[in-house]
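Hi,

Here is the structure I promised to pass on. Have a look at it first, and then read my notes below.

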Amino acid sequence: MPAVLRFGDPADAPHRAGLIASQILGLALCRYVLRLPPVVALTQEQIVAEVGPTVQRYLTLGAA
């Protein structure tokens, strides 16, 4: 939450933090708990390239 507060409207920070948490927790669930082969096979570089933009969008959602 402190990192999210640095971007955009502080009033939206809980909403944006929730979206970011759901994205990261979903990735962790699929990769480490369910061990879905396509997700397990992703390299760190692929995760950064493919999931990073979504997390970035959530972080700056509504920012001018």
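What is the mean pLDDT of the chain, and what share of its residues reach 70 or more? The mean is 94, and 97% of the residues get to 70 or more. In case the term is new to you, pLDDT is the predictor's confidence in each residue, on a scale from 0 to 100. Helix H1 (residues 2–5) has the lowest confidence in the chain, with a mean of 92, while H3 has the highest, at 98.

Some housekeeping before the findings. This is a predicted model, so local features need pLDDT of at least 70 and side-chain atom pairs count only at pLDDT 80 or more, whereas totals for chains, interfaces and linings use all residues. Residues are numbered from 1 along each chain as its sequence is written, and side-chain values use heavy atoms, with hydrogens and water left out.

The overall picture

You'll find four helices and zero strands, giving the pattern α-α-α-α along the sequence. Helices (H or I, at least four residues) and strands (E, at least two) are DSSP runs, numbered from the N terminus. The C-alpha trace spans about 40 × 20 × 15 Å along its principal axes.

Of the 64 residues in the chain, 20% are buried. Here buried means under 20% relative accessible area, exposed means over 50%, and partly exposed is in between (1.4 Å probe, protein chains only). The accessible surface comes to about 4500 Å², and 66% of that belongs to carbon and sulfur atoms; areas come from the Shrake-Rupley method with a 1.4 Å probe, and for residues only the protein chains shown count as cover.

As for contacts (heavy atoms within 4.5 Å), take those with a separation of 6 or more: residues 24 or more positions apart account for 48% of them.

On charge, there are 5 positive and 4 negative side chains, and the centres of the two sets lie 7 Å apart. Lys and Arg count as positive and Asp and Glu as negative, with His and the chain ends not counted; each charge is placed at NZ of Lys, CZ of Arg, CG of Asp or CD of Glu.

The cores

A nonpolar core is a set of buried Ala, Val, Leu, Ile, Met, Phe, Trp, Tyr and Cys residues joined through side-chain atoms within 4.5 Å. The largest one has six residues: Val4, Ala13, Ala17, Ile20, Tyr58 and Leu59. Helix H2 (13–33) and helix H4 (44–60) are the elements that give two or more residues to this core, and H2 gives the most, with three. Leaving out residues up to four places away in sequence, Leu59 touches Ala3, Val4, Phe7, Arg16 and Ile20. There is also a second, separate core of five residues, among them Leu27, Leu42, Ile47 and Val51.

Loops and a few distances

Most residues other than glycine have a negative phi. Arg35 sits in the loop between H2 and helix H3 (37–40), and it counts as exposed because its relative accessible area is 55%. Leu34 lies in the loop between H2 and H3 too, but Leu34 is partly exposed, at 49%. Its C-alpha is 31 Å from that of Asp12, which is 22 residues away along the chain.

From Ser22 to Ala41 it is 19 residues in sequence and 21 Å in space, C-alpha to C-alpha.

Cheers
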